[in-house]
Amino acid sequence: MSRVFKWIREHLAVLAGILALAYLVLPNLVVFAFSFNKPVGKFNYEWSQFSTDAWTHPCDVADMCGSLSLSLQIATLATIGATVLGTMVAFALARYRFRGRAATTALIFLPMAMPEVVMAASLGTLFLNMRIQFGFLTILIAHIMFCLSFVVTAVKARVMSMDPRLEQAAQDLYATPTQTFLKVTLPLAAPGIAASALLSFALSFDDFIITQFNSGPTTVTFPMFVWGASQRGIPVQVNVIGTAMFIAAVLLTIAGQWVGNRRKARY
């Protein structure tokens, strides 16, 4: 028994990590299992019969694939916009000293600290006062503003950890500013930029509160569709979409780790 307790004490952190990971993954496994269920009635809460109908016909539910397509479009454009703007802001905050830098940093981090409903209501009020019609454009702007803080945080941390002597060495070797940025600065900052882009896509695709406050009557995203369907019974196809997104995220993470290990092994 003493050996067992000693082993547990030595591996307590690892065991705690495994338990936490299992706790996070377990709901996804339940969603995956019930994507093969053929429920009796409207609600997919109890196992009834194994079936692959939801996987072979994921768009049988009216308007579901349309809302999914809209969410993917908004998430893609919001990711591009937030990543480009956030990267430029992060470089400006990390590399330059200017008047109002501290205030700008505080304003950038403020959306991460405040509740989503505050930002959603503020943006909705702004669009109303500017007489902008609610729809695709207002959702896109709101998502870019929401994701911007996360991009700046991730990219700024990466830029501040970069060794400036590498860029100075490139300049000493007669590299132009453009060549230095493309050959040295951008590859070094790429992991932070990629991580912020993936985070932005996940936040935008999953967002409900900000979308609800800034959407129009004909712009129903996938989270809004799920919320509306929950009142009358969520179809099994929602489990299929959730499982597919989870698998895609896992594959992207594995691919990123594989590429990172290949680069470390090369150098």
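The protein chain has 12 helices and zero strands. Here, helices are DSSP runs of H or I with at least four residues, strands are E runs of at least two, and both are numbered from the N terminus. Read from the N terminus, the order is α-α-α-α-α-α-α-α-α-α-α-α.

A word on the source. This is a predicted model, where local features need pLDDT of at least 70, side-chain atom pairs count only at pLDDT 80 or more, and totals for chains, interfaces and linings use all residues. Residues are numbered from 1 along each chain as its sequence is written, and side-chain values use heavy atoms, with hydrogens and water left out.

Now the overall picture. The C-alpha trace spans about 70 × 70 × 35 Å along its principal axes. The protein chain has 267 residues, and 32% of them count as buried. Buried means under 20% relative accessible area, exposed means over 50%, and partly exposed is in between, with a 1.4 Å probe and protein chains only. Next, contacts, meaning heavy atoms within 4.5 Å. Take those between residues at least 6 apart in sequence: 70% join residues at least 24 apart.

On to charge. There are 19 positive and 11 negative side chains. Lys and Arg count as positive, Asp and Glu as negative; His and the chain ends are not counted. The centres of the two sets lie 12 Å apart, with each charge placed at NZ of Lys, CZ of Arg, CG of Asp or CD of Glu.

Next, two loop residues. Most residues other than glycine have a negative phi. D63 is not a glycine, yet its phi is positive, about 70°. D63 sits in the loop between α3 (53–56) and α4 (64–95). Is D63 buried or exposed? Exposed, because its relative accessibility is 61%. Y174 also has a positive phi of about 70° without being a glycine. Its loop runs between α8 (164–172) and α9 (177–206). Y174 counts as exposed too, at 76% relative accessibility.

Last, the largest pocket. Its volume is about 1,300 Å³. A pocket is an open set of points on a 1 Å grid over the protein atoms alone, with protein on both sides within 12 Å along at least five of seven lines; lining residues have an atom within 4 Å of a point. The volume is the space filled by probe spheres set on the points, which are joined across faces, edges and corners. The lining has 36 residues, and L198, A249, V250, L252 and T253 are the closest to the centre. Which element gives the most to this lining? α12, with 19 residues.

Notes
1 Å grid on protein atoms, 1.4 Å probe; cavity = no way out; pocket = protein on both sides within 12 Å on 5 of 7 lines; lining within 4 Å.
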